[in-house]
Amino acid sequence: PRQLSDDSGATVDIVLVQYSESGDQVIWRDLVKLGEEQSNTGTFSFNPRNDEEYQFTCEDQCEGIELGLVEIRLTADFEDSATIRRHISIGPLPLGWYVNRYNNWLIGEEWPRTQCETWNTNEKKDQTWMQELPPCPCTLQQALADWGRFQADEGCSLFNPAGSKCTFHQGAKHCVRSVQPIASGAGSHCCYDSENNLMYSSDSLQGSKSNRAHPWGSAPYQKAGTVPAMSHWLSDMIPNYYCCAWTGSDFCQLYSENRPTKDCRNYDPPGAAAIFGDPHVITFDDIKYHFGGSGDFWLVDSPSLKVQARFLERQEHTVMNVGDKLKPTFISAVTVKGDDSSDTVTFSLPPPGDLHSLRLDVKVDQRRYFFDTDLLMWQDFVGFSIVNNEFSATTADDLGH
């Protein structure tokens, strides 16, 4: 409640809002007030199954209602008392419960199956979007190591401290999504079983599914098919409810056929290089050596990626086997730039005496950015994204399975 207002007398309206897409347009429409002038206590509940007076049931202009969210809005008298925001959204939410009575009358009690069949017919008309999808990593170890191209799906993640139910992929231990959507806005979704192998939709209804609309959205983010979360739910998740959750396994096969796994036959694992210690170097072609120089040096120098590091001498000495003393060096800063059009990011240790708890300064084109809250963990810039992974691992063994 404090995200809305500190006023103990503040009231809110709780509104069911429809989301839909038509052509390139995104459409939002208020459907019904679930609660009016409710006290801003942070709690509210209702049960559509007990809606005997059909107060929360669609009666008019119901066609096309599939997806929405709930908005908690400060009432007009208290908008000026807003602290952080004037409304909070909860969703996306499938709205089958809201149109169930209407669809039973218009289509019949088996309306989810009818919707699934209609969707299946339309999907079969164009499946070219799947051709450019990036192939999934073959194993969980590869998926964890390839974190620049694949990031964990929070709904089925080994890294989720609260545990993951993997609701839509029962039997999976971890799923990842391709970070970058392809030109059409689609993305790959890859899930792994208890043996760390890729789960295929052709083998199981719980297998990995391609996404016609990337869950994290795609540029320009405001047109149909590109809106984060909402376009994905409309294109990929609502059909899952029609064909699977609300009908059973017979029709779920239709969904799997239209959202097949992008297999790993053409997967090319990324090369790996590392610098650690005082410092030890492992190159991309697996050459290992010790580097003791101080100053600014190139780590990677290519047309598409440039990485430069600043090495400083440590104050303490290290005694080598030959009896000589050597001042080891350490990396104090790393600067990364993509091609000529990209931004430039610098990661650096804070100056001595700087007491801030982040332990690492991040500057993009000389401007400092922070990655210390959930909303800031992932930030996009020109040519790259920066992600603060709260947990990290290189293999499934590191996670104790």
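Predicted model: local features only at pLDDT ≥ 70, side-chain atom pairs only at ≥ 80, totals over all residues.
**View 1. The largest cavity and its lining**. A search of the whole structure finds 1 cavity of 30 Å³ or more (on a 1 Å grid over the protein atoms alone, a set of points where a 1.4 Å probe fits but cannot get out). The largest cavity has a volume of about 30 Å³. Its lining (residues with an atom within 4 Å of a point) consists of Ile-65, Glu-66, Leu-95, Gly-96, Val-99, Trp-111, Ile-238, Tyr-242 and Trp-246. Two or more of these residues come from each of α1 (96-106) and α4 (230-245), helices being DSSP runs (H or I) of at least four residues.

**View 2. The second largest pocket**. This pocket (an open set of points with protein on both sides within 12 Å along at least five of seven lines) has a volume of about 470 Å³. Among the 23 lining residues, Ile-14, Phe-44, Val-70, Ile-72 and Ile-90 are the closest to its centre. At least two lining residues are supplied by each of β1 (11-22), β2 (25-39), β3 (67-74) and β4 (87-94); strands are DSSP runs (E) of at least two residues.

**View 3. The packing of α4 and α5**. The axes of α4 and α5 (residues 249-258) lie 7 Å apart at an angle of about 150°. The two helices are therefore roughly antiparallel (an angle over 145 degrees). Contact (heavy atoms within 4.5 Å) involves Asp-236, Pro-239, Asn-240, Cys-243 and Cys-244 of α4, together with Phe-251, Cys-252 and Tyr-255 of α5.

Residues are numbered from 1 along each chain as its sequence is written, and side-chain values use heavy atoms, without hydrogens and water. Local features need pLDDT of at least 70 and side-chain atom pairs count only at pLDDT 80 or more, while totals for chains, interfaces and linings use all residues.

Methods
Points joined across faces, edges and corners; volume = space filled by probe spheres on them. Axes fitted to C-alpha atoms, helices over the stretch in contact; angles between N-to-C directions. Parallel < 35°, antiparallel > 145°, perpendicular 65-115°, else oblique.
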